[in-house]
Amino acid sequence: MTLRIQRTVESELVVFRLTGRIQAADVPELLTLLQSDSSWCAIVLDLEQVKLVDRDAVLFLALSETTGAKLRNCSAYIREWITQERSAMNRNKTEAPSGFAG
């Protein structure tokens with residue numbers, strides 16, 4: 001299963017409708033697409049037809065959302081995975097370096 005990307009414009013939004021599976025190998029292309037359009041309008045990633053993702057894809061989605069993209073039709077399992085990855089990143093940022101006593 002491969003990833004298919006369809007770009008449409010809705011008013012002031014550029015919508016990327018993603019279909020299939022998002023894998024680590026797809027992330028560079030997605031980053032390029034988002035960077036090319038994000039300078040002039042808001043970005044929406046429509047995930048309704050996304051069936052599978054890997055961890056790199058989840059990290060990409062989390063970063064995209066953090067930088068202003070909207071995730072439309074995000075399935076519950078992908079949303080939960082994004083939440084867990086964000087929590088893990090926040091935990092890692094706030095932990096003291098090991099070997100130092102406080």
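This is a predicted model: local features need pLDDT of at least 70, side-chain atom pairs count only at pLDDT 80 or more; totals for chains, interfaces and linings use all residues.
Two strands pair if DSSP finds at least two bridges between them.

**The strands**

Strand β2 (residues 13-22) and strand β3 (residues 42-53) pair in the parallel sense, and 9 bridges join the two. Within this pairing, R21 stands opposite L52 in β3. On the other pairing, strand β1 (residues 3-10) runs antiparallel to β2, and 8 bridges connect them. One of these pairs L3 with G20, its bridge partner in β2. The strands β1 and β2 form a hairpin with 2 residues between them, and in this turn S11 has a positive phi of about 60°.

Is strand β2 largely enclosed by the rest of the structure or open? Of its 10 residues, 7 are buried, so the strand is largely enclosed by the rest of the structure. Here, a residue is called buried when its relative accessible area is under 20%.

**Two helices in contact**

Helix α2 (residues 55-66) packs against helix α3 (residues 76-94) at an angle of about 80°, and their axes are 9 Å apart. Because angles of 65 to 115 degrees count as roughly perpendicular, α2 is described as roughly perpendicular to α3. On the side of α2, the contact is made by R55, V58, L59, L61, A62, E65 and T66, while α3 contributes I78, R79, W81, I82, E85, R86 and M89.

**Two residues of α2**

Both E65 and S64 lie in helix α2, and the table sets out their accessibility.

| Residue | Relative accessible area | Class |
|---|---|---|
| S64 | 4% | buried |
| E65 | 23% | partly exposed |

Which residues does E65 touch, if those up to four places away in sequence are not counted? They are L71, R79, I82 and R86. With R79 there is also a polar contact, made between the side chain of E65 and the side chain of R79 at 2.9 Å. The C-alpha atoms of E65 and L45 are separated by 9.2 Å, although these residues are 20 residues apart along the chain.

For S64, leaving aside its neighbours within four places in sequence, the residues in contact are L34, L45 and A69.

Note on methods. Residues are numbered from 1 along each chain as its sequence is written. Side-chain values use heavy atoms; hydrogens and water are left out. Buried means under 20% relative accessible area, exposed over 50%, partly exposed in between (1.4 Å probe, protein chains only). Helices (H or I, at least four residues) and strands (E, at least two) are DSSP runs, numbered from the N terminus. Axes are lines fitted to C-alpha atoms, for helices over the stretch in contact, and angles run from 0 to 180 degrees between N-to-C directions. Angles under 35 degrees count as roughly parallel, over 145 as roughly antiparallel, 65 to 115 as roughly perpendicular and the rest as oblique. Contact means heavy atoms within 4.5 Å. A polar contact is a pair of N or O atoms within 3.5 Å; within protein, one must be able to donate a hydrogen and the other to accept it, and residues adjacent in sequence count only if both atoms are side-chain atoms.
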